[in-house]
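Subject: Structure for your files

Hello,

The structure is pasted below. My notes on it follow.

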Amino acid sequence: MDNKEINQGRRRFLTLATAGAGGVAALGVATPLVASFFPSEKAKAAGAPVEIDVSKIEAGQLLTAEWQGKPIWVLNRTEQQQKDLPTLDGELVDPTSEVDHQPADCKNPLRSLKPGIFVAIGICTHLGCSPTFRPDVAPADLGAGWKGGFFCPCHGSKFDLAGRVYKGVPAPTNLVIPPYKYLTDTTILVGEG
């Protein structure tokens with residue numbers, strides 16, 4: 001009888017040890033398989049939507065983020081900057097944004113979902129350079145009518161604070177507005193509209 005009890009104990013132990021080892025092995029094989037179903041960090045960065053917190057951007061300040069390898073500008077326009085935009089219409093190629101470079105919700109004079117916050121892809125529509133933010137009013141090198149905006153140093157293209165292109169510069173169209181939406185009053189999701 002002692003042999004049967006010892007053998008039963010050994011059998012239980014071997015059965016549990018084998019089942020445990022098999023479970024660990026199955027988990028080890030399943031983990032990378034399940035992980036492969038989710039996009040990698042590189043894939044997320046390449047095309048996944050990006051959340052941007054706009055709560056800390058002060059009036060007149062520009063924040064740059066990245067989406068699909070492109071710079072995304074988020075500008076918190078001041079009240080004066082918003083008031084100045086309609087006064088520039090006569091100096092612009094496409095003041096009413098007839099060329100479809102923005103989501104339908106942004107086809108308005110300020111080219112944005114909310115008047116104060118401007119979101120754009122920071123790439124010049126001429127040859128793909130990245131313009132610089134020039135919020136200063138009337139610098140000598142940009143002309144007397146300049147009320148702040150974006151200047152491309154590569155070939156001299158100028159855009160106002162709604163991303164609309166000035167006449168007489170190489171860039172043919174306004175800056176592109178990416179699809180975006182507000183998740184909260186202070187969080188923007190770029191990549192979904």
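**What was found**

Glutamine 68 counts as partly exposed because its relative accessibility is 34% (buried means under 20% relative accessible area, exposed over 50%, and partly exposed in between, with a 1.4 Å probe and protein chains only). The model is predicted: local features need pLDDT of at least 70, side-chain atom pairs count only at pLDDT 80 or more, and totals for chains, interfaces and linings use all residues. Residues are numbered from 1 along each chain as its sequence is written, and side-chain values use heavy atoms, with hydrogens and water left out.

Glutamine 68 sits in the loop between strand E2 (62-67) and strand E3 (70-76). Helices (H or I, at least four residues) and strands (E, at least two) are DSSP runs, numbered from the N terminus. Glutamine 68 is not a glycine, yet its phi is positive, about 55°. Most residues other than glycine have a negative phi.

Serine 97 also has a positive phi, near 55°. Serine 97 is placed in the loop between helix H3 (79-84) and strand E4 (117-121). With 0% relative accessibility, serine 97 counts as buried.

Glutamate 79 belongs to helix H3 and, at 58% relative accessibility, counts as exposed. Its C-alpha atom is separated by 8.5 Å from that of alanine 59, 20 residues apart along the chain.

Further along, strand E8 (residues 180-184) pairs with strand E9 (residues 187-190) in the antiparallel sense, over four bridges; two strands pair if DSSP finds at least two bridges between them. The two strands E8 and E9 form a hairpin, with two residues between them. Lysine 181 has leucine 189 as its bridge partner in E9.

Regards
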